[in-house]
Amino acid sequence: MLSKTLAMRWLVVLSVFIGLGFGSSTPAHADEFSDAVQALNADNNTDKAAAIEALSATGDERAATVLSALLNGTLFYRQSDGLVVLSKESGNVTILIDPSTMNEVADVSGSEAKKIRINNKLRGQLKGVLGALTLLSKDADKRQNAADEVFKANDPSMLPVLQKAIARESDPDVKGRMLRAQAAIILEYSEDTAARLKAAQTLGEFTDPDISALLGKIANTSTDPEVKKLAKDMQDSVEGRLAAWSFLGNLFQGVSLGSVLLLAAVGLAITFGVMGVINMAHGEMVMLGAYTTFMVQDVIRTHFPAAFDWSLAIAVPAAFLVTGAVGILVERGIIRWLYGRPLETLLATWGLSLMLQQLIRTLFGPTNQEVGNPSWMSGAIETSTGLVLTYNRIWIIVFSLAVLGMLALVTRKTMFGLQMRAVTQNRAMANSMGIRSGWVDALTFALGSGIAGMAGVALSQIDNVSPNLGQTYIIDSFMVVVFGGVGNLWGTLVGAFSLGIVNKFLEPYAGAVLGKIFVLVGIILFIQKRPRGLFALKGRSVEG
Amino acid sequence: MNKPHASNTILYLDGVSVSFDGFKALNDLSLYVEEGELRAIIGPNGAGKTTMMDVITGKTRPDKGDVIFNGGVDLTQLDEAAIANLGIGRKFQKPTVFENHTVFDNLELALKGHRRPQSSLFFRLSGEQQYRINEVLGIIALTDVHMMQAGSLSHGQKQWLEIGMLLMQDPDLLLVDEPVAGMTDAETEATAVLLKDIAKTRSVVVVEHDMVFVKSLDCRVNVLHEGSVLAEGSLDVVQQNEQVIEVYLGR
Amino acid sequence: MTHQPLLLRIVKEPMAVSLLSVLILAAFLVPMLNLMLPSDSAFHVPSYVVTLLGKYLTYALLALSVDLVWGYCGILSLGHGAFFALGGYAMGMYMMRQIGDRGVYGNAELPDFMVFLNWQELPWYWYGFDSFGFAMLMVVLVPGLLAFVFGWFAFRSRVTGVYLSIITQAMTYALLLAFFRNDMGFGGNNGLTDFKDILGFGLQTDGMRATLFFLSAMAVVTGYLVCRFIVDSRLGRVIVAIRDAESRTRFLGYRVEYYKLFVFTVSAVLAGIAGALYVPQVGIINPSEFSPANSIEIVIWVALGGRGSLTGPIIGALVVNYAKSYFTGALPEVWLFMLGGLFIFSTLFLPKGLVGTKAISDAFEEQRLRLAKFLRPYDYAEGGEGR
Ligand SMILES: Nc1ncnc2c1ncn2[C@@H]1O[C@H](COP(=O)(O)OP(=O)(O)OP(=O)(O)O)[C@@H](O)[C@H]1O
Ligand SMILES: [Mg+2]
């Protein structure tokens, strides 16, 4: 009794997986169906192939269950009478089920059943046939997937099912995909020139690397000159559109890299641009932000698992506060003694970065920490054209721009921003006006560090959180600031995105490493032309 | 202002404009200095006096206008070193000497010639050159402290050391920016005498705010205001000028 | 004023005299104690110590080269590791060629890693490295040329201060990435190793180790003398002037960029020589030598020892590296804290480095006066001040 319910449950699962409700099976087909199932227990693979085709041709929706069992190696036959049965391991017990009735075959022990063997060729056939069968599913998503599967398999034997499905299909999107699959089959296997030309025409509408490949194959191999020519033309037009899409893809990658660089660099632009302080420990502030995210998630996981999707919303301010506080300590403890000595500041902060790295290594160990993506950051928008936009990248682009925008507001519109600029431009004057320049320095540095911390939260979503995280970004962020020009948030924005985009566009041609080398060399040469960067101010304030 | 004689004009600025981030520091400035002339430039703070010197010595490139030296050389095309080697020496508003070098070494570095690395690597001071350095040390009254580090000199001594370095360069044209700032009255007087003496053999352009000092120079004066020349003439004459009075008092 | 011969000037400085005599003494004594004494003697210096000391000495030369540009000319190079590594690679390439058919694959034409990568022939830039003379030429030429070209661009367009530091860092970083690539033909990730001999003498023999030590010590001494000659010359005074007031120097008519280019190139050559002596002693050169962190570490040797003095960087390099060997062995987690702390401590509290601390300089000043009186009693009797 117990095993029976288990078996039923398993079947429900299986049928849902296949996409068919077996409750809808039509009894009229019962005999034809069970005959077809029996035929699967053939002696040779040719007969088996024929049986598979026959079974799928019944259009019976239980066929999918049986065929997928065959594919998965869970279709057996009873040695005593050759009855084909489904099997299911349940603990130590093997349960056998009659596919026609979906009842357990009670009087059989597992050892009496033998597996129906298939070879790779049959496996391929099965996959295609299963796909075709799913074309008739009630669920539009499944039908769509099936249509794509059929297209990939490109097997002429599926044509009848496919045509049946097209006739029935009401969803225009799914129908389009089915037509694509049909056109592919016709183009490749049909003898009818007119039909093939029409198919090529249809395929030419799509933007898909596989279609381009298929058209290319036909263009090269077809003996029919008309088909050959049209296939070539169509391939060109598909390729043209694909190139545009891949341009978009590169652009997205570039913008995404740019946003990461922007996040890493913008805090540096504050400390370097506004205060003239080279903070080599900036990368470690980013790293501290990432570890703060880890800690926040750790607390949430153990105490409030339901709130996990909110972890980043908590981590952003937390990271800002933690790294901002570290920033104040660093400024008061070290940097303020070194104003006017930028090279010494560089060395001291480098020392600091070594210590922070080692501190984290001692506390958390040298290995990567597991930082999770909240659900709204996982997944991607994908198009059939090969464009993949992952949500975490999209969010980071949004986040980086938001951070930049907020920073611009703080520097332009708040009292603190005003004081910050006053101190930069004329420290003595600002002091005499009652601005406590010491505090402004400390807070400015804290702001730069805090932003680095927020960058760390974002980077924890796409990069390994390890003590070396900061080192990965420090040189690149310096390049951004130097390239964009100091003391100018616009420069940082333009610098980050242009470096990101150039990098990603070079990558396909030169490879990632060589692309990066080109960018570095490019910047070194660029600095020769504009020693103060792209958006340098000409004024006195920037002269050191 | 009438056009200068090409033959005896050592410096000729024509329609020079410079702007910083939209602010016009020099505005169509024209000015000429004759060979062997001592010239004083006065003007309120921010009038553009230092900027004018920056343009002449190649530190700042003008947006437009010409700067002609010695009847033909266009200074706007040259860099600082080339201009200095043409024979233009400059003393900065904020005295800048080489603080970690001795007074003697400061003068030696300013010594005319031997500007290329290869010749300076194997350079040996000749007796004559040593004599010249000692002479200048005497002129600027720093003989007693010649082995001291320049950084430990008083403000006034640094000013003189810088003038001494100019003398070592042996330039045809000296540009002197606020030479007596921070000097005692006696030092100021001595400086005026020194500059007048120097001007006997070369052209000197002095920028100063100290009117007593300018008076004692007893020379032609240009008043600069908002980047261009407001008035020119002897000090007494320009001091009577309505506009000049307004500029100085109106601020 | 300062026209006594170089040696006479040095003799008047107790710190320099002590350091140089220790170096020269060690150059002879250490190899002798290693080679001539039986290994159970209390005074025997084990071979591994000889090699370790030799390695420190190459670091000292490297530190000297950084000091020449930073301490005297104010150019903080964060890329000197690159020149060191290039010198090392040139030496490594020579030693790779010396392996001949004794490699794992027994291929006389190609180094092992090229056989492994299925290369068919030697890339052109490996030509000539069979010859020791050519390789030695490259040891100085390659770093020198890179420094010259890089400096030409950078100094001419007046990239100074932290900007220059950052782009020197970018330079070594770009080289790091490049040398990591297998198709660069320098052994990629693993670099060059498994060296056998130089000029037919086995690298692992005690004689060779002692020779390399001797050469390293003498290289430091020579490096010191060369730097000393430069900084004592008028050119030396010009570069210090550039360090202290660059634009003033320009207005005096000096072409600052040429001077910078000169010291930068000389310094790179010294660093290259240091690298060439380093590689046979440690037996390997790989791209990690190009890592920016390495280059910054050199700077701290100089800062701790005392920049702007020529004894300082030598002492700094020896002290820091000895400490590094000791602590990475004894308390590995502590070392990075110490190194980091050293950066902060020496910039905050030791602006002139160890040799500039009051206690030390006072002690030596006393020595100097005593020595000076001994050498020129008359000057002092008259109350004059010898320089
Ligand atoms: N590099 C620069 N960037 C921005 N503004 C500048 C720069 N150099 C000069 N200025 C501005 O140009 C104007 C003229 O300056 P300049 O130094 O020439 O005046 P000055 O006549 O020498 O004044 P002072 O008598 O105070 O020395 C001033 O308003 C100054 O702020
Ligand atoms: Mg001025």
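Predicted model: local features only at pLDDT ≥ 70, side-chain atom pairs only at ≥ 80, totals over all residues.

Biologist: How does Thr50(B) count by relative accessibility? And Gln93(B)?

Modeller: Thr50(B) counts as partly exposed, at 24% relative accessibility. Gln93(B) also counts as partly exposed, at 35%.

Biologist: Ligand 1 next. Where does ligand 1 lie?

Modeller: Between chains A and B. It is surrounded by 16 residues, and the closest are Asn45(B), Lys49(B), Thr50(B), Thr51(B) and His209(B).

Biologist: Which atom of Lys49(B) is 2.8 Å from an oxygen atom of ligand 1?

Modeller: An N or O atom in the Lys49(B) side chain. For Gly48(B), a backbone N or O atom lies 2.9 Å from an oxygen atom of the ligand. Ala47(B) has a polar backbone atom 3.2 Å from a ligand oxygen.

Biologist: Changing topic. What lines the second largest pocket?

Modeller: The lining has 28 residues, and Leu86(C), Leu146(C), Leu175(C), Phe179(C) and Met184(C) lie nearest the centre. The pocket holds about 840 Å³ of space.

Biologist: Which helices supply at least two residues each?

Modeller: Helix H21 (512–529) of chain A, and from chain C helix H4 (80–99), helix H6 (132–156) and helix H7 (161–180). H6(C) gives the most, with 7 residues.

Biologist: And by class? How many are charged?

Modeller: No charged residues there; the lining has 27 nonpolar and 1 polar.

Biologist: Now the cavities. How many are 30 Å³ or more?

Modeller: The count comes to 6. The largest cavity has about 70 Å³ of space. Helix H19 (469–484), helix H20 (489–510) and H21 of chain A give two or more residues each to its lining. H21(A) gives the most, with 4 residues.

Biologist: What classes of residue are in the lining of the largest cavity?

Modeller: There are 6 nonpolar, 1 polar and 2 charged residues. Asp476(A) and Lys516(A) are among the residues that line this cavity.

Biologist: How much space lies in the second largest cavity?

Modeller: About 50 Å³. Its lining includes Arg341(A) and Glu344(A) as well as Trp70(C) and Arg307(C). Two or more residues come from helix H14 (342–364) of chain A, and likewise from helix H14 (332–349) of chain C.

Notes. Residues numbered from 1 in each chain as written. Chains lettered and ligands numbered in written order. Heavy atoms only, no water. 1 Å grid on protein atoms, 1.4 Å probe; cavity = no way out; pocket = protein on both sides within 12 Å on 5 of 7 lines; lining within 4 Å. Points joined across faces, edges and corners; volume = space filled by probe spheres on them. Nonpolar A, V, L, I, M, F, W, Y, C, P; charged D, E, K, R; others polar. Buried < 20%, exposed > 50% of the residue type's maximum accessible area, 1.4 Å probe, protein only. Near = heavy atom within 4 Å. Polar contact = N/O pair within 3.5 Å; in protein donor to acceptor, adjacent residues only side chain to side chain.
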